Amino acid sequence: MSVDPKPQAAASACKTDASSSCGRTHWQSRSDAQWRAILTPEQYRIAREAGTESPFTGKYWNTKTPGTYRCACCGQDLFASETKFNSGTGWPSFYAPIAVEAVTEHVDDAHGMVRTEVRCARCAAHLGHVFHDGPAPTHRRYCMNSASLELVAGGEKRS
Ligand SMILES: [Zn+2]
């Protein structure tokens with residue numbers, strides 16, 4: 001009596017938790033259908049279609065809980081609560097990402113404005129925009145959408 005080996009997990013099995021070892025190429029090859037399957041309609045509209053949530057409506061604009069904000073799409077650490085500040089804008093705002101390589105910046109000239117879009121460096125999720133009117137020490141304001149983030153309370157570090 002033989003025991004068949006378990007089939008290898010399919011490419012679609014990326015998990016948004018600390019055990020995920022999927023890399024950038026893996027995440028960025030996901031199809032729209034795969035994203036729709038794991039995201040809420042609001043998350044999909046914002047993170048995959050560069051939407052913006054209404055101010056003062058997201059779940060994190062006024063959150064002061066210590067912890068780490070991860071990408072809602074792929075689980076990568078993006079921002080630490082220590083860098084979160086009250087910007088008064090109604091969106092969660094940070095003066096720096098948790099690591100320079102965690103996010104990428106892109107010129108966005110939609111809506112008749114030239115802004116700097118911020119995306120997750122691993123899965124290219126749209127996170128929000130960065131402006132140059134933040135507090136010291138960076139004087140930058142990462143204006144993020146709550147829908148693109150997932151707060152893990154306690155600031156547990158990932159290796
Ligand atoms: Zn991501």
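Modeller: Helices (H or I, at least four residues) and strands (E, at least two) are taken here as DSSP runs, counted from the N terminus. This is a predicted model, so local features are given only at pLDDT of at least 70 and side-chain atom pairs only at 80 or more, while totals for chains, interfaces and linings use all residues. Numbering starts from 1 along each chain as its sequence is written.

Biologist: Thanks, that helps! In what order do the elements of the protein run from the N terminus on?

Modeller: The protein has 3 helices and 9 strands. Read from the N terminus, the order is α-α-α-β-β-β-β-β-β-β-β-β.

Biologist: Which residue takes a positive phi in the hairpin of strand 5 and strand 6?

Modeller: Strands count as paired when DSSP finds at least two bridges between them. Strand 5 (residues 103-108) and strand 6 (residues 115-120) are antiparallel partners over 6 bridges, with Glu105 bridged to Val118. The hairpin has 6 residues between its strands, and the one with a positive phi near 60 degrees is His111.

Biologist: What is the order of the open sheet of 3 strands?

Modeller: Strand 1 (residues 67-71) and strand 9 pair in the antiparallel sense over 5 bridges, and Thr68 stands opposite Val152 of strand 9. The pairing in this open sheet is antiparallel, and its order is 2-1-9. Strand 2 (77-80) and strand 9 (149-153) each pair on one side only, which puts the edges of the sheet at strand 2 and strand 9.

Biologist: Is Glu117 buried or partly exposed?

Modeller: Glu117 sits in strand 6. Contact here means C-beta atoms, placed from the backbone, within 7 Å; beyond residues up to four places away in sequence, Glu117 touches Glu105, His106, Asp108, His126 and His129. Because Glu117 has 18 C-beta neighbours inside 10 Å, its class is partly exposed.

Biologist: Against which strand do the buried residues of helix 3 pack?

Modeller: Those buried residues are Gln43, Ile46 and Ala47. They lie on the same side of helix 3 because they cover an arc of only 85 degrees around the axis (taken from the directions from the helix axis to the C-beta atoms). Their packing partner is strand 7.

Biologist: And which residue just after helix 3 takes a positive phi?

Modeller: This one is quick. With a phi of about 55 degrees just after helix 3, the residue is Ala50.

How values were computed:
Buried ≥ 20, exposed ≤ 12 C-beta atoms within 10 Å, placed from the backbone. Contact = placed C-beta atoms within 7 Å.
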